[in-house]
Amino acid sequence: MSWRRLWAVLIVAVLAVGPFLPLGRMREYVVHVIVQIFIWSFVGGAWSLMGRFGLGSLGHGAFLGVGAYATSLLWNFFGLTPWIGGLVAILLTVALAVVIGYPCSRFQVVGHYFGLVTLAVSEVVRLLIIAERDWTGGSLGVSLKPAPSDSSIWALQFADKRVFYYVAMALWLFGLWVWVRVDRSMASRAMEAIGEDETAAASVGIHVTRFKLGITVLSAALTALGGVILVQYLAYANPDTMSGLRIVFAVVLGGMYSLLGPSVGTALTIALSEFLRIYFGIKLIGIAETIYGLVLILCIIFLPAGIYGSLRDSLRRRATARTATA
């Protein structure tokens, strides 16, 4: 077993016993924060599947929102279990991704223009959610209708946060597995070529539209799955919760070109936001968001590869230098 696999096994083992650590009264809060880190890390990893290949989407909040709201509304109004409602939500999200991705791929909408198109679609979805307040609760959001019992597998509602801890952890590990599979596949090489030059990639026989649409659909479906789990855990969703820019900032902060970059960025942003919220409280309203934004801007300027990505590259350069010297 290589040292990397050994470290991975040790980290997973430590995380697996996390809910049972003797943290006293802080345990519930710590578990709550870690569950959110797992879910948002999964969503960030789904976004990075597109971002690392030059498809800078700013509208993943739409995919997240469709996943969360479709599941919750199907349960609230029709009593449809999230096991089925979540599948319907993912299918709706895939349809939305095709509607966005196919024209953009077919007509070579790339770069900033692609980002603006996805941002516009996200804003349309957000305004639609607010406008349909009789169903969605508008800007106040929607709460899940409680299940008949405190813990229900049929309704995916559990009073014990530890259940969601392991569900979110499994989701996070699944996202890492998908990332590795894509990274080692032929699709990764094709997408890298497309990201460099679409015309050159098409000239050597790469089906540009098919590959771009495929990675967009995969990213959207995974994001919707994250939205399904998020709304089941929080039992609540509102338009502000489903922010695509939050996903982008976390991934860019950690590093979109590395496996653990989105997870590191998500952990840092959530930990920072929680610390600032607790430290300032209701004092100096807005200062926490200001500091949060400044830290992100500084990291983006001085660490363009992200915190984890920059650290990884630095260690690799040192290892290469030592090998060359030897």
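## A friendly note on the rings, contacts and spaces of this model

1. Let us begin with one serine. Setting aside residues up to four places away in sequence, Ser 105 touches Thr 209, Lys 212 and Leu 213. Please keep in mind as you read that this is a predicted model. Ser 105 has its place in helix H4, which covers residues 82-106. Is Ser 105 buried or exposed? Ser 105 is buried, because its relative accessible area is 6% and the cut-off for buried is under 20%. Its side chain also has a polar atom 2.8 Å from the backbone oxygen of Gly 101.

2. Now for the aromatic rings. How many aromatic pairs does the structure hold? There are nine. One of them joins Phe 42 and Phe 174, with 6.5 Å from centre to centre and 25 degrees between the planes. This pair counts as stacked, because planes under 30 degrees apart are given that name.

3. Phe 42 is buried, at a relative accessible area of 3%, whereas Phe 174 is partly exposed, at 36%.

4. Phe 158 and Phe 164 give you a second pair to look at. Why is this pair called edge-to-face? The ring centres are 5.6 Å apart and the planes meet at 70 degrees, and an angle over 60 degrees counts as edge-to-face. Phe 164 is buried, with a relative accessible area of 6%.

5. Two further ring features deserve a look. Phe 38, Tyr 165, Tyr 166 and Trp 172 are linked by ring pairs into a cluster.

6. Next, follow Trp 179, which is found in helix H7. With 6% relative accessibility, Trp 179 counts as buried. Which residues is Trp 179 in contact with, leaving aside neighbours within four places in sequence? They are Gly 45, Ser 48, Leu 49, Arg 52, Met 256, Tyr 257, Ser 258 and Leu 259. Take Leu 259 from that list: Trp 179 and Leu 259 are 80 residues apart in sequence, and their C-alpha atoms are 7.0 Å apart in space.

7. Let us turn to the open spaces. The largest pocket holds about 1500 Å³ of space. It is lined by 33 residues, and the closest to its centre are Arg 4, Ala 8, Leu 259, Leu 260 and Tyr 308. Leu 259 is the residue you met as a contact of Trp 179. Which element gives the largest share of the lining? It is H1, with nine residues. Helix H1 (3-16), H2, H7, helix H12 (261-280) and helix H14 (307-325) each supply at least two lining residues.

8. Of its 14 lining residues, Ser 41, Phe 42, Gly 45, Gly 175 and Leu 176 are the closest to its centre. H2, H7 and H12 each give two or more residues to this lining.

Conventions:
Residues numbered from 1 in each chain as written. Heavy atoms only, no water. Phe/Tyr/Trp six-rings, centres within 6.5 Å; stacked < 30°, edge-to-face > 60°. Buried < 20%, exposed > 50% of the residue type's maximum accessible area, 1.4 Å probe, protein only. Helix = DSSP H or I, 4+ residues; strand = E, 2+ residues; numbered from the N terminus. Polar contact = N/O pair within 3.5 Å; in protein donor to acceptor, adjacent residues only side chain to side chain. Contact = heavy atoms within 4.5 Å. 1 Å grid on protein atoms, 1.4 Å probe; cavity = no way out; pocket = protein on both sides within 12 Å on 5 of 7 lines; lining within 4 Å. Points joined across faces, edges and corners; volume = space filled by probe spheres on them.
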